[in-house]
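Have the model open beside you and follow along.

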Amino acid sequence: MAKKYHYDVLVIGAGPGGEGAAMAAAKAGKRVGVIENRQGVGGACVHKGTIPSKSLRHVVKQIIRHKISSLFRTTGDAHIFSYPKVLAEALRVVPKYVDLHTDFYTRNRATIIVGEASFVDAHTVSVRLVDGAKEQITAEKIVIATGSRPYHPADIDFNHARVYDSDTILDMKHTPRHIIIYGAGVIGCEYASIFSGLGIKVDLINSREHLLTFLDDEICDALSYHLRDMGVTVRHGEEYESLEATDRGVTLKLKSGKRIHGDALLWSNGRTGNTDSLNLGAIGLEADGRGQVRVNDMYQTSIENIYAVGDVIGWPSLASASYDQGRAAATNILGQESRFVSDAPTGIYTLPEISSIGKTETELTAAKIPYEVGRAFFKNTARAQISGEKVGVLKILFHADTLEILGIHCFGAEAAEIIHIGQAIMNQQGEANSIAYFVNTTFNYPTMAEAYRTAALDGLNRVNRI
C-alpha cells in the first residue's frame with residue numbers, strides 16, 4: 001500500500017519559481033502545499049527585487065520626462081522629488097501584486113503555509129510557524145524555490161544607517177546627495193540609472209574592465225556613454241579594500257589607493273542562495289559557496305524526489321526564467337516531457353533599458369561564423385520621434401548565407417518588449433528563421449516594432465540580397 005503524504009507536491013518558496021511549480025502541479029490535480037517565510041507571496045521578486053525596483057525606475061522615468069518637457073518647464077514648476085516620496089509612490093504596486101497572486105493560489109486550491117522550512121528527511125519538512133510553534137509536513141515530491149539574497153562580505157557593517165544592499169535600499173528614509181554603488185552588474189547599473197535620474201551624484205565602482213561584459217560590445221559602449229551622460233562616474237578595474245562609515249558619511253577605500261567619499265553606499269556585488277536554513281545536510285544535499293544547489297536537466301537534485309528552481313540554482317537568475325523553470329520541474333514531476341530553460345532573453349532596466357537574445361558579435365567572430373549586421377537607430381523611427389524616446393538601436397545579427405537570425409540586441413526605450421518579436425522568429429524551425437521575415441511582413445506605423453523592418457533592410461543591403 002502506497003504511503004500517504006500530506007501533499008503530492010510541496011514547494012518551498014512562493015516567488016516566481018515556486019509559483020510556476022505550484023500552479024502547474026495544482027492544475028494537474030495534485031495536492032499542493034507552499035511554504036513561504038513572508039506574510040505575502042511573490043518572494044524577493046515582489047517584495048525586494050524586480051517589482052519594486054522596476055516600479056521605482058518607472059516613477060523616475062516619469063520625473064525625467066516631466067523635467068525635460070518644454071510644456072512643464074514653461075509653468076515654472078520646480079518640484080524637488082525626494083527619494084522616500086518617489087519610493088512610496090513606487091511601492092504602491094506591491095500589495096496589489098500580492099493580492100492578485102494570492103488569488104491564484106486560492107483559486108487553484110494550493111495551500112500556503114507561512115513559516116520557515118527545514119528538512120527532516122527527503123519526504124519531511126519541519127516548519128517553524130509565525131507564532132514559534134513547529135509542525136512537520138510530508139510530501140511525495142519537494143521543490144526548493146527559496147530564491148536568493150544580496151551577498152554580504154564579513155568585513156562590511158550592513159547594520160550601519162548609511163550602508164545598504166539591494167534589499168535595504170528600498171527602505172532608505174533620506175535622499176543622499178552622493179551615493180557610491182559598489183558592483184556594476186545588472187543591479188548596480190540599474191540603480192545607478194535610477195539615482196542619477198533623481199539628480200543624485202553617483203560613483204559606480206566596477207571590478208571589471210567593462211560594464212556587463214556578457215552583452216554585445218556595442219550595447220556595452222552605449223550603456224557606458226549614457227550613464228556618463230547622466231552624470232554617473234564609472235570607475236573600472238577597481239576593488240574595495242575597506243569601508244569607513246560614520247554619522248556624516250561613508251568613505252570607500254580602493255586597492256588602487258583611491259578614496260571615494262559619499263553620503264551612502266549601496267553594495268550590489270553578488271547574491272547568495274537562501275539555503276543556509278534548510279538543513280540540507282539532513283538529506284545529504286550540499287550547497288556551494290554561494291548557497292546554490294546543483295540540478296540536472298530535469299531540475300532534479302541528487303536526491304531523486306527533490307527538485308530546485310530559480311535563483312537558488314544560479315544562472316540565469318531571472319524572474320521570467322524562474323517561473324518557467326518551476327513549470328518545467330512540475331512537468332517532470334508529472335512524468336511529462338519538458339524543456340530546460342536555456343534561451344531566456346536578458347532584460348536590464350537601466351535608463352535606457354537593454355535586452356538581448358542569442359549570440360553576440362564577439363561570440364560569432366570567435367566561432368568563425370560568417371555573419372552580417374542590420375541596424376535601426378530609434379531616432380530614425382516615427383514612433384520614437386513622437387514619443388521623444390530617440391535614444392536607442394536595434395541590432396540583428398544574421399548568417400550571411402542562410403539569413404538565419406543568430407542574435408538580437410536592443411538598447412533603448414521598451415527594449416525588453418521589442419526583443420520578443422525577434423525572439424519569436426529566431427525560435428522558428430528551418431527556413432522560417434530568417435531576417436527576410438521582417439521585410440516580407442507589414443508592421444503597424446508608427447510603432448517601435450517597425451525598427452525590425454529598417455534593421456532587416458539595412459542588413460540585407462549589406463549582403464546584396466535586395
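**Entry 1**

I began with strand β18 (residues 354-358) and strand β21 (residues 405-412), which run antiparallel and are joined by five bridges. I take helices (H or I, at least four residues) and strands (E, at least two) as DSSP runs, numbered from the N terminus. Two strands pair, in these notes, if DSSP finds at least two bridges between them. Looking for the partner of serine 356, I found histidine 409 in β21.

A note on the source: this is a predicted model, where local features need pLDDT of at least 70 and side-chain atom pairs count only at pLDDT 80 or more, while totals for chains, interfaces and linings use all residues. Residues are numbered from 1 along each chain as its sequence is written, and side-chain values use heavy atoms, with hydrogens and water left out.

Back to the sheet: I read its order as β17-β18-β21-β20-β19, an open sheet of five strands with antiparallel pairing. Which strands are at the edges? I noted β17 (346-348) and β19 (371-377), each pairing on one side only. Neighbouring strands here are turned by 10° against each other on average, direction ignored. For such values, axes are lines fitted to C-alpha atoms, for helices over the stretch in contact, and angles run from 0 to 180 degrees between N-to-C directions.

**Entry 1: helices across that sheet**

Helix α8 (residues 217-229) lies across β18, β19, β20 (392-399) and β21, and runs at about 5° to β21. Helix α13 (residues 451-462) lies across β19, β20 and β21, and its angle to β19 is about 140°.

**Entry 2: the three-stranded sheet**

Next I turned to an open sheet of three strands, in the order β11-β12-β13, with antiparallel pairing. β11 (240-245) and β13 (259-262) each have a single partner strand and stand at the edges, so one side of each is left without a neighbour in the sheet. On average, neighbouring strands of this sheet are turned by 15° against each other, direction ignored. I counted five bridges between β11 and strand β12 (residues 250-254), in the antiparallel sense. Alanine 245 has valine 250 of β12 as its bridge partner.

**Entry 3: around β5**

How does β5 pair with strand β1 (residues 7-12)? The two run parallel, with five bridges joining them, and valine 9 has lysine 141 of β5 as its bridge partner. With strand β4 (residues 124-129), β5 pairs in the antiparallel sense, again over five bridges. There, valine 127 is partnered by glutamate 135 of β5. β4 and β5 form a hairpin with four residues between them, and glycine 132 in the turn has a positive phi of about 95°. I also found three bridges from β5 to β16, a parallel pair, in which isoleucine 142 stands opposite isoleucine 306 of β16.

**Entry 4: threonine 146**

I placed threonine 146 in the loop between β5 (134-144) and β6 (148-150). Leaving out residues up to four places away in sequence, threonine 146 touches Ile12, Asn274, Thr275, Leu278 and Val312. A polar atom of the threonine 146 side chain lies 2.8 Å from the backbone oxygen of asparagine 274.

**Entry 5: α1 on α6**

Helix α1 (residues 16-27) packs against helix α6 (residues 93-107) at an angle of about 30°, with the axes 10 Å apart. α1 and α6 are therefore roughly parallel to each other (angles under 35 degrees count as roughly parallel, over 145 as roughly antiparallel, 65 to 115 as roughly perpendicular and the rest as oblique). The contact is made by Gly18, Glu19, Ala22 and Met23 of α1, together with His101, Phe104 and Tyr105 of α6.

Which peptide bonds did I note as cis? Tryptophan 315 and proline 316 are joined by one, with omega about 5°, and proline 316 is in the loop between β16 (306-308) and α9 (319-333). The bond from tyrosine 445 to proline 446 is also cis, with omega near 0°; proline 446 lies in the loop between α12 (415-426) and α13. Lastly, arginine 109 has a positive phi of about 60° although it is not a glycine, and I found arginine 109 in the loop between α6 and β3 (111-121).

Methods:
Contact means heavy atoms within 4.5 Å. A polar contact is a pair of N or O atoms within 3.5 Å; within protein, one must be able to donate a hydrogen and the other to accept it, and residues adjacent in sequence count only if both atoms are side-chain atoms.
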